[in-house]
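Hi there,

Here is the structure I promised to pass on. Please have a look at it, and then read my notes below.

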Amino acid sequence: MLYLKALHIIFVVTWFAGLFYMVRLFIYQTEANEKEEPARTILVMEYRRISRLLWYIIAWPSAILTLVFGLSMLLNYPEWPVWLFVKLCLAVLLYIYHFLCHRLYLQLRKSEYPMTSFQLRIWN
């Protein structure tokens, strides 16, 4: 049980790191889009490359493994205390945030900039 808990915590931390850094990359890419050529193309392409690697190598696998280890720990609880329901509700909100970030990621991949850098800073 302690191994599951340790792995769950490790992947929660990496997931949070991936989510927070991902939005920073969104901000950088949005600001790079406002620069003059050739800096705009170079920076936007590099931020897209970095965000693709971060999103598919760190953020998504961490989110999935967090869910797997969290659910495996839930199976070991005979009764669920009240704090666990609160934690699960917050986890659902975090997954909603993750999916909204994924939608932003896909929009930025298509060179659509739905938010300003200031709005993204608030989002972060």
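What follows is a short account of the salt bridges.

This is a predicted model, in which local features need pLDDT of at least 70 and side-chain atom pairs count only at pLDDT 80 or more, while totals for chains, interfaces and linings use all residues. Residues are numbered from 1 along each chain as its sequence is written, and side-chain values use heavy atoms, with hydrogens and water left out.

I took a salt bridge to be a side-chain nitrogen of Lys or Arg within 4 Å of a carboxyl oxygen of Asp or Glu. By that rule there are three salt bridges.

One of them joins Glu 31 to Arg 121, with 2.5 Å between the closest N and O atoms. This pair links distant parts of the chain, 90 residues apart: Glu 31 belongs to helix H1 (residues 2–32) and Arg 121 to helix H4 (residues 117–123). Helices here are DSSP runs (H or I, at least four residues), numbered from the N terminus. Glu 31 is partly exposed at 27% relative accessible area, a class that lies between buried (under 20%) and exposed (over 50%), using a 1.4 Å probe and protein chains only. Arg 121 is also partly exposed, at 38%.

Arg 49 is partly exposed at 36%, and Glu 46 is partly exposed at 32%.

Finally, Arg 40 pairs with Glu 37 in a salt bridge at 3.8 Å, N to O. Arg 40 is partly exposed at 30%, as is Glu 37 at 47%.

Best wishes

Technical notes: Helices (H or I, at least four residues) and strands (E, at least two) are DSSP runs, numbered from the N terminus.
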